[in-house]
Amino acid sequence: MTTGGLFGKLFKRPEPSALEILESVRWTCVNCDVVHRGMFDIAAHAPDHWDGTGPLEPNGALRLDGDFLSEDFCVIGGEHFFIRCVFPIPVHGLRDRFGFCIWSTLSRENFGRYVDGFDRGGYGDAGPWCGWFSNSLRGFPETINQGCWVQPRAARQRPVIHLDDADHPLSIAQQNGITPERLLELYAEYGHAPTR
Ligand SMILES: [Zn+2]
């Protein structure tokens, strides 16, 4: 046995597994200049129906009678009401859940309830409220305008979403969880990939 072979075994850096990448403190992305810290959420900053430009307004400036977009609330044409939610998906082997930060519609009445509770930090009506999923997600069959359930949560945690269609692949991912490899595939769909 040559020492070269042994040294090669000892010092060749093994490729990290998908789980190791998602558990790592930081990993370098080939596509964006950000150093990612382990697992991160993928966020849609507005409903896909929003075609406005310009900066987000503060939540406190909410107007119901025209077009409005803040971090958590969106109104289109004074008649379509959206809130920012999270769609959590367990990842096998990880304690924390991955989240798609996406938007759902609410009725005007429930939108008002949400805004009131958002300010107070809790909800008298525990929900869930029905809505329409308001973003397309990459890596899954079409999700926009799927019926969904919006579960408000206390203390300004973003409401949790479930699709009404339990057989949709996104619902199945939420029920069964996904592998770390599948999450890296989803990141790649959004332009994030670890250097190898
Ligand atoms: Zn990236």
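Here, a residue is called buried when its relative accessible area is under 20%, exposed when over 50%, and partly exposed in between (1.4 Å probe, protein chains only). Helices (H or I, at least four residues) and strands (E, at least two) are DSSP runs, numbered from the N terminus. The model you're looking at is predicted, with local features needing pLDDT of at least 70, side-chain atom pairs counting only at pLDDT 80 or more, and totals for chains, interfaces and linings using all residues. Residues are numbered from 1 along each chain as its sequence is written, and side-chain values use heavy atoms, leaving out hydrogens and water.

Let's start with helix H5, residues 180-189, where Pro180, Leu183, Leu184, Leu186 and Tyr187 are buried. They sit on the same side of H5 because they cover an arc of only 155° around the axis (the arc is that of the directions from the helix axis to the C-beta atoms). Their cover includes helix H2 (18-23), strand S1 (27-28), S3 and strand S7 (97-106). After H5 comes Gly191, with a positive phi near 85°.

Now hop over to Pro47, in the loop between strand S3 (42-43) and strand S4 (68-69). Pro47 is buried, at 2% relative accessible area. Beyond its neighbours within four places in sequence, Pro47 has contacts (heavy atoms within 4.5 Å) with Leu69, Cys74, Phe82, Trp103, Ser134 and Asn135. Asn135 is 88 residues away from Pro47 in sequence, yet their C-alpha atoms are 5.7 Å apart.

Last stop: some strands. Strands pair if DSSP finds at least two bridges between them. S8 (129-132) and S9 (147-151) pair antiparallel over 4 bridges, with Trp129 partnering Val150 in S9. S9 also runs antiparallel to S10 (160-163), joined by 4 bridges, and there Val150 stands opposite Ile161.
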